[in-house]
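Good morning, and thank you for joining.

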Amino acid sequence: MLNFAAIDFETANKNACSVCSVGIVVVRDGKVKERIYKLIHPVPNYYSPGNIEVHGLTKEDTENADTFPEVWAEIVPHIEGLPLVAHFSRFDEGCLKAAFRRFEMTYPDYKFHCTCSASRKVFGSSLPNHKLPTVAKRCGYDLEHHHHALADAEAAAAIALKIL
């Protein structure tokens with residue numbers, strides 16, 4: 001796959017619609033062309049301690065950020081017509097669909113590809129696990145800031161370029 005957009009969401013709490021950041025890496029002709037990182041004012045707007053522990057974002061970080069519809073309107077022109085790639089895509093696709101539902105937006109039925117599933121097929125038991133840092137390392141990408149949405153999207157893009 002040479003043309004796609006890798007995507008990663010972080011959430012403020014256990015609600016899938018509570019996206020608080022998004023990272024997007026646009027790949028065209030096998031080359032990274034764009035990197036997009038946006039903070040998002042989550043709905044509902046509260047942060048669970050466990051989520052803060054994972055990604056380090058707090059209510060103060062996103063208090064003045066745009067809401068999902070505003071952020072997504074900025075992103076759409078960059079990803080239009082591209083399939084989406086994510087590591088454990090069920091989570092990111094679930095977040096995207098939940099945010100669309102929460103804001104009563106029409107979901108355009110994005111096509112997702114999962115680098116975690118691809119890793120299981122390609123690498124099987126040769127890896128100790130198929131977590132993003134493990135697979136990224138196997139594909140030659142050093143993921144230094146795991147759970148930062150842009151870093152995770154960059155890792156997913158690197159994996160996709162190697163095995164999808």
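A residue is called buried here when its relative accessible area is under 20%. The model on the screen is a predicted one.

Cys20 has a relative accessibility of 0%, so Cys20 counts as buried. Cys95 is likewise buried, because its relative accessibility is also 0%.

How many disulfides does the model contain? The count is zero. A disulfide requires two cysteine sulfur atoms within 2.5 Å. For Cys20, the closest cysteine sulfur belongs to Cys95 and lies 9.4 Å away, which is too far for a bond. For Cys95, the closest cysteine sulfur is that of Cys17, at 8.9 Å, and this too is too far for a bond.

I turn now to the fold. The protein comprises seven helices and five strands, and their order along the sequence is β-β-β-α-α-α-β-α-β-α-α-α. With a radius of gyration of 15 Å, close to the 15 Å that the globule rule gives for 164 residues, the protein is as compact as a globular protein of that length. The C-alpha trace spans about 40 × 35 × 25 Å along its principal axes.

Of the contacts between residues at least 6 apart in sequence, 62% join residues at least 24 apart.

Finally, the surface and the charges. The protein exposes about 8,200 Å², with carbon and sulfur atoms supplying 50% of that area. There are 18 positive and 20 negative side chains, and the centres of these two sets lie 10 Å apart.

Methods:
Residues numbered from 1 in each chain as written. Predicted model: local features only at pLDDT ≥ 70, side-chain atom pairs only at ≥ 80, totals over all residues. Heavy atoms only, no water. Buried < 20%, exposed > 50% of the residue type's maximum accessible area, 1.4 Å probe, protein only. Helix = DSSP H or I, 4+ residues; strand = E, 2+ residues; numbered from the N terminus. Rg over C-alpha atoms; globule rule 2.2 N^0.38 Å. Contact = heavy atoms within 4.5 Å. Areas by Shrake-Rupley, 256 points an atom, 1.4 Å probe, with all protein chains shown as cover. Lys, Arg positive; Asp, Glu negative; His and termini not counted. Charge placed at Lys NZ, Arg CZ, Asp CG, Glu CD.
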